[in-house]
Amino acid sequence: VSGTWCVSEVKHNNTLVEPLEEAIYISFNNCPGSIDFSANGSVFLPPYGDYSISGSWQLSKSHLIIEVGDVPAFRQEGRKNYFLDAFKYEFSNEKLHLKSGHTEITLVKFHF
């Protein structure tokens with residue numbers, strides 16, 4: 001899991017979230033947003049407006065768990081951060097599929 005992954009698709013309640021909500025849409029090298037899973041357990045999520053979002057991740061037998069501290073903008077605007085959850089995960093080629101109760105995320109391994 002360690003490394004940088006491009007956010008390919010986010011679905012919430014089977015609806016495609018487009019364009020990954022403008023708050024997390026930052027494009028570089030044809031990647032609309034990225035998640036960086038560091039080997040030391042740190043995670044850096046796509047920014048939310050002016051807020052950098054970082055936290056921790058861990059892998060269990062069946063779940064990838066992503067946790068971050070409080071992000072005031074989410075509370076103020078009543079928005080959901082789709083990346084914060086315990087996800088069942090599946091690797092397929094260079095893709096990582098994450099699925100929780102109502103959210104599905106597809107990540108593609110990013111090569112600089």
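Biologist: Why is Ser38 called buried?

Modeller: Buried means a relative accessible area under 20%, exposed means over 50%, and partly exposed lies in between (1.4 Å probe, protein chains only). Ser38 has 18%, so this residue counts as buried. Ser38 lies in the loop between E3 and E4. Leaving aside neighbours within four places in sequence, Ser38 is in contact (heavy atoms within 4.5 Å) with Ser2, Phe44 and Trp57.

Biologist: What should I know before reading such values?

Modeller: This is a predicted model, in which local features need pLDDT of at least 70 and side-chain atom pairs count only at pLDDT 80 or more, while totals for chains, interfaces and linings use all residues. Residues are numbered from 1 along each chain as its sequence is written, and side-chain values use heavy atoms, with hydrogens and water left out.

Biologist: Where in the protein chain is confidence lowest, and where is it highest?

Modeller: pLDDT is the predictor's confidence in each residue, from 0 to 100. Its mean is lowest in helix H1 (residues 72-77), at 60, and highest in E8, at 92. Over residues 21-27 pLDDT stays under 50.

Biologist: What makes E5 and E6 a pair?

Modeller: Two strands pair if DSSP finds at least two bridges between them. Five bridges join E5 to E6, and the two run antiparallel. A hairpin of three residues connects E5 to E6, and Leu59 stands opposite Leu64 in E6. E6 also pairs with E7, again antiparallel, over three bridges. There, Ile65 stands opposite Ala86 in E7.

Biologist: Why is Ser56 called partly exposed?

Modeller: The relative accessible area of Ser56 is 31%, which is why the residue is called partly exposed. Ser56 belongs to strand E5.

Biologist: Which residues touch the most other members of the largest nonpolar core?

Modeller: A nonpolar core is a set of buried Ala, Val, Leu, Ile, Met, Phe, Trp, Tyr and Cys residues joined through side-chain atoms within 4.5 Å. The largest one has 19 residues, and Ile35, Phe37 and Leu107 touch the most other members. Strands giving two or more residues include E3 (34-37), E5 (51-59) and E9 (103-109). E1 gives the most, with three residues. Beyond four places in sequence, Leu107 touches, among others, Trp5, Val7, Ile35, Phe37 and Leu98.

Biologist: How many aromatic pairs are found, and why is the pair of Phe37 and Trp57 called edge-to-face?

Modeller: A search of the whole structure finds three. Rings of Phe, Tyr and Trp (its six-membered ring) pair if their centres lie within 6.5 Å; planes under 30 degrees apart count as stacked, over 60 as edge-to-face and the rest as tilted. For Phe37 and Trp57 the centres are 5.4 Å apart and the planes stand at 75°, so the pair is edge-to-face. Phe37 is in strand E3 and Trp57 in strand E5, 20 residues apart. Phe37 and Trp57 are buried.

Biologist: What makes Tyr89 and Phe91 edge-to-face?

Modeller: Their centres are 6.0 Å apart and their planes at 70°, so this pair too is edge-to-face. Tyr89, at 23%, counts as partly exposed, and Phe91, at 43%, is partly exposed as well. Trp5, Tyr89 and Phe91 form one aromatic cluster.

Biologist: What is the phi of Asn14, and why is Asn14 called exposed?

Modeller: The phi is positive, about 65°, although Asn14 is not a glycine. Most residues other than glycine have a negative phi. Asn14 sits in the loop between E1 and strand E2 (15-16), and its relative accessible area is 66%, so Asn14 counts as exposed. Asn93 has a positive phi of about 55° and lies in the loop between strand E7 (86-92) and E8. At 81%, Asn93 counts as exposed.

Terms used:
Helices (H or I, at least four residues) and strands (E, at least two) are DSSP runs, numbered from the N terminus.
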